[in-house]
Amino acid sequence: MALEVLTTIPVGGSPNRVAVSPDGGRVYVLNGGGDTVSVINTWSNVVISTIPVGDLPDSVAISPDGARAYVTIENAGTVSVINTATNTVTATITVGTGPQSVTVSADGQHVYVGGSGSVSVITAGS
C-alpha cells in the first residue's frame, strides 16, 4: 500500500497538536492561533465542534475511557478539561507556569502536567 494523503480537513489557526480518542472515532486538534480545539469525526472527516479553551493551547491528552480531554493552556498556567460527550470545558485547573505537556495514567485516575521545572499531578476522579 502506498503512503498518500487521503484528505485535508480545515481547522482553526495554527494547528499544532493532535490526539485521537481511544475508539478512534474522534481527533482533537489544538489550534494555537485560535485558542480553540477542533473536534473531527474520523468516519466523516468533518469538524463537528470547535471549543474555546484559552490563550495558547499547547498539549492534549485523552482519558483512557475517552470521556475527557485535558488541554494545557500555556499562557494561563492552566489545564482545560473537556467533556467529550458534550464538547464543552467543564473545569479549568491552575497548574503553574508554562504547562507544555500532559498525559493521563493508564487507569485514568491521574493527569500529569509538565512545565517550567515541575510536574503537577491532578486527581482525575471519575
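**Exercise 1. Determine whether N87 is buried or exposed, and state which residues surround it.**

Solution. The model is predicted; local features require pLDDT of at least 70 and side-chain atom pairs pLDDT 80 or more, while totals for chains, interfaces and linings use all residues. Residues are numbered from 1 along each chain as its sequence is written, and side-chain values use heavy atoms, without hydrogens and water.

Step 1. Buried means under 20% relative accessible area, exposed over 50%, and partly exposed in between (1.4 Å probe, protein chains only). N87 has 13% relative accessibility and therefore counts as buried.

Step 2. N87 belongs to the loop between β7 (78–83) and β8 (88–94); strands are DSSP runs of E with at least two residues, numbered from the N terminus.

Step 3. With neighbours within four places in sequence set aside, N87 contacts (heavy atoms within 4.5 Å) R26, Y28, V39, I48, S49, I51 and I82.

**Exercise 2. Identify the residues with the most contacts inside the largest nonpolar core.**

Solution. Step 1. A nonpolar core is a set of buried Ala, Val, Leu, Ile, Met, Phe, Trp, Tyr and Cys residues joined through side-chain atoms within 4.5 Å.

Step 2. The largest has 13 residues, and V37, V53, V60, V71 and I82 have the most contacts inside it. Its largest share, 3 residues, comes from β6.

**Exercise 3. Describe how β1 and β2 pair.**

Solution. Step 1. Two strands pair if DSSP finds at least two bridges between them. Strand β1 (residues 15–20) and β2 are antiparallel, with 5 bridges.

Step 2. V20 is opposite V27 in β2.

Step 3. The hairpin has 5 residues between the strands, and G24 adopts a positive phi near 75°.

Note on methods. Helices (H or I, at least four residues) and strands (E, at least two) are DSSP runs, numbered from the N terminus.
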